[in-house]
Amino acid sequence: MFLLHEYDIFWTLLIIASLIPILAFFISGLLAPVSEGPEKLSSYESGIEPMGDARLQFRIRYYMFALVFVVFDVETVFLYPWAMSFDVLGVSVFIEALIFVLIPIVGSVYAWRKGALEWS
């Protein structure tokens, strides 16, 4: 039989953990000073008068390098448990690991061929 009273502490903690951020935002919205003006709405550039628009377009290459790094970093984290228990798992898991490694390698070769990894 499923007893709900065994989870009273969990539900209490969940309600408190949900209410604290909501109350913090509500109270800060009530107590924060509101002052609109040209100085408040301008972009901040270390005290120097801003030149141009604050919204600049960045090249997608910066994000491509970051995404490639994250993909290989996460893949390394997932390969570590396979490497530690390689002798126990057998050939089928070895083939799965090869497929797992092959997918990002094919993706990086594709990105390299398309010129996405060129820094110029």
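Predicted model: local features only at pLDDT ≥ 70, side-chain atom pairs only at ≥ 80, totals over all residues.
**Annotated spans.** An unreviewed UniProt entry places the feature "transmembrane region" at residues 12-34, 62-83 and 89-112. Residues 12-34 are 87% helix and 0% strand. The end C-alpha atoms of that span lie 35 Å apart. Residues 62-83 are 100% helix and 0% strand, with end C-alpha atoms 32 Å apart.

**Surface patch.** Ile15, Leu19, Ile22, Leu23, Phe26, Ile27, Leu30 and Leu31 make a nonpolar surface patch of about 850 Å². Phe26 sits in helix H1 (residues 8-31). Its relative accessible area is 54%, so Phe26 counts as exposed.

The whole structure holds 3 aromatic pairs. Two of these share Phe100:

| Ring pair | Centre distance | Plane angle | Geometry |
|---|---|---|---|
| Phe78 and Phe100 | 6.3 Å | 85° | edge-to-face |
| Trp82 and Phe100 | 5.3 Å | 85° | edge-to-face |

Phe78 belongs to helix H3 (residues 60-84) and Phe100 to helix H5, 22 residues apart. Trp82 is in helix H3 and Phe100 in helix H5, so this pair ties together parts 18 residues apart in sequence. Phe100 is partly exposed, with a relative accessible area of 28%. Trp82 is also partly exposed, at 24%.

**Elsewhere on H5.** Ile105 lies in helix H5 (residues 91-114). Ile105 is partly exposed, at 39% relative accessibility. The C-alpha atoms of Ile105 and Phe72 are 9.3 Å apart, although 33 residues separate them along the chain.

How values were computed. Residues numbered from 1 in each chain as written. Heavy atoms only, no water. UniProt positions renumbered as here; feature names shortened; annotations may be inferred. Helix = DSSP H or I, 4+ residues; strand = E, 2+ residues; numbered from the N terminus. Patch = residues over 30% accessible without salt bridge, like charges linked within 9 Å, V, L, I, M, F, W, Y side chains within 5 Å. Areas by Shrake-Rupley, 256 points an atom, 1.4 Å probe, with all protein chains shown as cover. Salt bridge = Lys/Arg side-chain N within 4 Å of Asp/Glu carboxyl O. Buried < 20%, exposed > 50% of the residue type's maximum accessible area, 1.4 Å probe, protein only. Phe/Tyr/Trp six-rings, centres within 6.5 Å; stacked < 30°, edge-to-face > 60°.
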